[in-house]
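Subject: The structure, and some notes on it

Hi,

Here is the structure I promised to pass on. Have a look at it first, and then read my notes alongside it.

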Amino acid sequence: MASHYEAPIRRPLVTGEKSYHDVSIDVAAPVEGKANKSWWIVFSISLVAFLWGIGCIIYTISTGIGTWGLNKTVGWAWDITNFVWWVGIGHAGTLISAVLLLFRQKWRMAINRSAEAMTIFSVVQAGLFPIIHMGRPWLGYWVLPIPNQFGSLWVNFNSPLLWDVFAISTYLSVSLVFWWTGLLPDFAMIRDRAVKPFQKKIYSLLSFGWSGRAKDWQRFEEVSLVLAGLATPLVLSVHTIVSFDFATSVIPGWHTTIFPPYFVAGAIFSGFAMVNTLLIIMRKVCNLEDYITVQHIELMNIVIMITGSIVGVAYITELFIAWYSGVEFEQYAFLNRATGPYAWAYWAMMTCNVFSPQFMWFKKLRTSIMFSFFISIVVNIGMWFERFVIIVTSLHRDYLPSSWTMFSPTFVDIGIFIGTIGFFFVLFLLYSRTFPVIAQAEVKTILKSSGERYKNIRERGDSLVGTGADERTSGKAVLPSATSEAKPAQVDNSAKVSDLLGRIGTFDANTGTADDLQKINGIGPKMEEVLNSIGIYTFLQVSKMTKKEYDLLDSITESFPGRAERDDWSGQAKKLIN
């Protein structure tokens with residue numbers, strides 16, 4: 001009892017009367033079942049946006065980069081803004097999971113999987129923009145320092161753009177391994193529940209032979225801690241390097257030493273907002289309201305409020321340093337941002353990033369799902385405007401007034417950006433239908449301490465001994481009232497047993513010989529006893545089972561539902577007969 005103690009004041013992280021078996025069923029449901037209406041609506045919208053983006057990319061490559069709104073002065077604009085925005089969103093995902101793991105935070109269990117997947121899919125979107133911006137992406141391999149038949153390719157290793165390539169690819173590699181390692185127990189769970197042989201084979205390959213032994217878990221925890229320790233400093237270094245794209249130049253508004261910490265804070269800020277957006281969508285489309293609770297959303301909102309305040313301090317520091325430096329070019333750059341032709345973008349940035357998160361001081365607002373969803377989108381809009389303001393307002397009015405110009409995006413610029421948002425959500429929604437979006441094994445580790453069912457048992461003063469048993473998987477009654485319902489259940493079962501034996505045939509001990517049913521994978525001594533008590537003794541009887549008979553058997557035994565179908569007892573019995 002002491003090992004599962006948690007102060008009563010703490011609200012449960014898993015709501016509803018969830019048992020260990022319920023966690024497996026609920027997490028596997030989006031993968032095993034059919035998509036609901038909400039999933040199809042969100043997927044359809046995302047797919048349309050993605051296809052629009054594909055069309056704009058094809059148009060750009062076939063026509064040329066001239067289709068974009070770039071000009072002589074603003075050579076970097078919409079595409080580099082989108083690149084930095086997507087990289088920023090990607091960085092918070094692994095950071096959230098890694099830092100919360102290192103600090104042993106229980107509320108991590110419901111959000112880590114979505115956060116890690118968000119990292120992978122965000123970096124994929126970010127990588128599209130430098131490739132398209134090359135103008136001739138089919139010659140993209142020219143940037144690599146490889147021997148070739150065209151002569152030497154001189155790669156400028158001093159360029160911050162090349163630092164980006166190394167930093168982001170390293171971060172992506174570590175994030176991918178971290179994400180995949182966490183998925184192994186969940187892949188094994190889906191593998192063990194799989195009914196179709198092909199599905200079983202695929203998840204067997206994905207789970208890398210996970211067996212759930214103590215040695216597996218020991219290695220799993222060790223590797224997870226090592227990767228979390230690697231990923232945390234990587235997050236700081238990667239966005240620091242992204243900030244060097246700007247800070248190492250001499251352009252007013254860019255040439256500042258605050259950029260590295262400022263970019264890191266902004267990345268975490270926008271990443272938490274995007275995780276919040278995804279969690280609110282996923283809890284609806286995957287029916288996971290009992291696992292991604294209002295408390296999880298509230299805790300995310302508190303982090304958004306704190307990081308939003310840090311970003312606000314960074315903005316004020318920038319203004320102060322520009323004034324304190326006495327450099328008129330710096331001073332003008334910041335004055336132009338706030339009062340020039342792009343003032344609307346600057347004040348949109350300030351409103352979204354500094355003022356809107358302050359609403360989270362109010363508990364009623366930060367625990368409102370709809371308001372949280374709205375603010376998370378507002379924050380991501382604000383962070384996009386931040387990158388736009390930094391890039392465009394610093395370039396469009398340089399040292400020489402003769403080169404001053406205005407940038408305005410074309411429909412192609414906008415279309416490609418919307419396409420990447422659509423692509424991101426398409427990937428995430430498809431992922432939610434093939435991979436478990438909740439780390440079920442990790443949720444089970446906190447169930448007795450933070451599950452509503454077990455907290456209620458403790459608050460009543462009852463013992464937790466035996467409460468982990470589930471009548472559907474162990475044959476043991478969980479509730480005291482279950483004993484009083486045993487007799488009616490037996491009456492019902494006699495009719496079901498007669499129906500089952502009528503379908504698969506009866507066994508006559510005088511004329512027939514009983515087979516060793518334990519030769520069938522999935523049938524042990526206990527299960528063989530149960531089958532014999534029903535009247536099933538031979539491979540011939542088992543071989544006649546179909547979906548209806550499997551369901552009947554499950555309703556009679558009320559233990560390990562779906563096991564007979566998943567392990568294909570009928571197919572195994574036919575092979576043994578032959």
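First, some ground rules. This is a predicted model, in which local features need pLDDT of at least 70 and side-chain atom pairs count only at pLDDT 80 or more, while totals for chains, interfaces and linings use all residues. Residues are numbered from 1 along each chain as its sequence is written, and side-chain values use heavy atoms, with hydrogens and water left out.

**The overall fold**

The protein chain has 24 helices and zero strands. Here helices (H or I, at least four residues) and strands (E, at least two) are DSSP runs, numbered from the N terminus. Of the 578 residues in the chain, 52% are buried. Buried means under 20% relative accessible area, exposed means over 50%, and partly exposed is in between, with a 1.4 Å probe and protein chains only. A contact means heavy atoms within 4.5 Å. Among contacts between residues at least 6 apart in sequence, 78% join residues at least 24 apart.

**Aromatic rings**

Rings of Phe, Tyr and Trp (its six-membered ring) pair if their centres lie within 6.5 Å; planes under 30 degrees apart count as stacked, over 60 as edge-to-face and the rest as tilted. That rule gives 51 aromatic pairs. One of them is Y332 with W404, which is stacked because the ring centres are 5.8 Å apart and the planes are at 5°. This pair links distant parts of the chain, 72 residues apart: Y332 is in helix α10 (residues 328-339), and W404 is in the loop between α13 (369-395) and α14 (411-434). Y332 is partly exposed, at 31% relative accessibility, and W404 is partly exposed at 34%.

W384 and F388 form another stacked pair, with ring centres 5.3 Å apart and planes at 15°. Both of these residues lie in helix α13, four residues apart, or about one turn of the helix. W384 is buried at 8% relative accessibility, and F388 is buried with a relative accessible area of 3%.

Some rings also have a charge over them, which requires NZ of Lys or CZ of Arg within 6 Å of the ring centre and within 35 degrees of the ring normal. R337 places its charged end over the ring of F334, 4.7 Å from the centre. R433 lies over the face of W39, 5.8 Å from the ring centre.

**The largest cavity**

What lines the largest cavity? The residues are Y262, Y315, E318, L319, F334, R337, Y346, M349, V389 and I390. The elements that give two or more residues to this lining are α9 (294-325), α10, α11 (343-355) and α13, and α9 gives the most, with three residues. By type, the lining divides into eight nonpolar, no polar and two charged residues. The cavity has a volume of about 60 Å³.

For reference, a cavity is a set of points on a 1 Å grid over the protein atoms alone where a 1.4 Å probe fits but cannot get out, and lining residues have an atom within 4 Å of a point. Nonpolar covers Ala, Val, Leu, Ile, Met, Phe, Trp, Tyr, Cys and Pro, charged covers Asp, Glu, Lys and Arg, and the others, Gly among them, are polar.

The buried residues of α11 include Y346 and M349, and the buried residues of this helix pack against α8 (259-285), α9, α10 and α13.

- F43 is in helix α2 (residues 37-63) and is buried, at 12% relative accessibility. F43 touches V426, L429 and L430, not counting residues up to four places away in sequence. F43 and L427 are 384 residues apart in sequence but 9.5 Å apart in space, C-alpha to C-alpha.
- F187 is in helix α5 (residues 160-193) and is buried, with a relative accessible area of 0%. With residues up to four places away in sequence left out, F187 touches W180, Y203, L206, S207 and F435.
- F507 sits in the loop between α19 (486-504) and α20 (525-534) and is partly exposed, with a relative accessible area of 23%. The C-alpha atoms of F507 and I536, 29 residues apart along the chain, are separated by 7.0 Å.

Best wishes

How values were computed. 1 Å grid on protein atoms, 1.4 Å probe; cavity = no way out; pocket = protein on both sides within 12 Å on 5 of 7 lines; lining within 4 Å. Points joined across faces, edges and corners; volume = space filled by probe spheres on them.
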